[in-house]
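Trainee: Could you walk me through this structure, one feature at a time? I would like to learn how to read each one.

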Amino acid sequence: MVALAASLLIAASSSSPAAVARAWSRDLNANRNIAAARLFAPNARVVQPGVDVVLTSRALAVGFNDALPCAGRIVAIQVRGDRAVATFVLGQRPKHHCSSPGVKAAALFVVRGGKITLWQQVAVPKAASSAPTA
């Protein structure tokens, strides 16, 4: 009984919005675009300036991840319910060129059932923008 409860707790924590955001960041930083794409739910929505698209196929999800030029080291995560806002310090990633290393960026992750249903670039939260990046 205790082992079952522990397994359920581990499964729940690994699919939390913060855990999913961290997993996505690890995969993206290592240029594992297929693994990063697996974290997106079918028909997940991606929103960035000038882009608002529904990922209607796994190929589109892989393409979205591959199109991101920078890695991102998470320096802060704010969670509320099924939402996490992750603040990143941008950097180089394999086989890509990041034109803004060291700059902070943020993304909102809405996670349901352990999958990203919405990934949206957002303004860096004020608390994270003044925090040291080390």
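Mentor: Gladly, and let us start with burial: a residue counts as buried under 20% relative accessible area, exposed over 50%, and partly exposed in between, using a 1.4 Å probe and protein chains only. Helices (H or I, at least four residues) and strands (E, at least two) are DSSP runs, numbered from the N terminus. Please keep in mind that this is a predicted model, where local features need pLDDT of at least 70 and side-chain atom pairs count only at pLDDT 80 or more, while totals for chains, interfaces and linings use all residues. Residues are numbered from 1 along each chain as its sequence is written, and side-chain values use heavy atoms, with hydrogens and water left out.

Trainee: Which residues of H2 are buried?

Mentor: They are Pro17, Ala18, Ala19, Val20, Ala21, Ala23, Trp24, Ser25, Asp27 and Leu28. That makes 10 of the 13 residues of H2, so the helix is largely enclosed by the rest of the structure.

Trainee: How far does H2 reach from its first C-alpha to its last?

Mentor: The expected span of a helix is 1.5 Å times one less than its number of residues. H2, with 13 residues, reaches 18 Å, close to the 18 Å expected.

Trainee: Now the sheet. What is the order of its strands?

Mentor: As a general idea, strands of a sheet pair through backbone hydrogen bonds, either parallel or antiparallel. Two strands are taken to pair if DSSP finds at least two bridges between them. Here an open sheet of 6 strands runs E2-E1-E6-E5-E4-E3, with mixed pairing. Its edge strands are E2 (51-55) and E3 (71-80), each pairing on one side only. From one strand to the next the twist averages 20°.

Trainee: In which sense do E1 and E2 pair, parallel or antiparallel?

Mentor: Antiparallel: strand E1 (residues 40-48) pairs with E2 over 5 bridges. Across that pairing, Arg45 stands opposite Val54 in E2.

Trainee: Which strands does H2 touch?

Mentor: Contact means heavy atoms within 4.5 Å. For directions, axes are lines fitted to C-alpha atoms, for helices over the stretch in contact, and angles run from 0 to 180 degrees between N-to-C directions. H2 (residues 17-29) packs on the sheet and touches E1, E3, E4 (83-91), E5 (104-112) and E6, with its direction at about 170° to that of E3. Helix H4 (residues 58-67) packs on the sheet as well, touching E1, E2 and E6, and its direction makes about 40° with that of E1.

Trainee: How many salt bridges are there?

Mentor: A salt bridge is a side-chain nitrogen of Lys or Arg within 4 Å of a carboxyl oxygen of Asp or Glu. By that rule the count comes to 3. One joins Asp27 and Arg32, with the closest N and O atoms 2.9 Å apart. Asp27 is buried at 12% relative accessible area, whereas Arg32 is partly exposed at 41%. Arg45 and Asp52 meet in another, at 2.7 Å from N to O. Arg45 is partly exposed at 37%, and Asp52 is partly exposed at 49%. Asp82 also forms one with Arg112, at 3.0 Å between the closest N and O atoms. Asp82 lies in the loop between E3 and E4 and Arg112 in strand E5, so this pair ties together parts that are 30 residues apart in sequence.

Trainee: What should I look for in backbone phi angles?

Mentor: Most residues other than glycine have a negative phi. Asn31, however, has a positive phi near 60°, and sits in the loop between H2 and helix H3 (33-37). Asn43, found in strand E1, also has a positive phi, of about 65°.

Trainee: What surrounds Asn31, leaving aside its neighbours within four places in sequence?

Mentor: Asn31 is in contact with Asp66, Arg93, Pro94, Lys95 and His96. Asn31 and Lys95 are 64 residues apart in sequence, with their C-alpha atoms 7.7 Å apart. A polar contact is a pair of N or O atoms within 3.5 Å; within protein, one must be able to donate a hydrogen and the other to accept it, and residues adjacent in sequence count only if both atoms are side-chain atoms. The side chains of Asn31 and His96 make such a contact at 3.5 Å. Asn31 is buried, at 17% relative accessible area.
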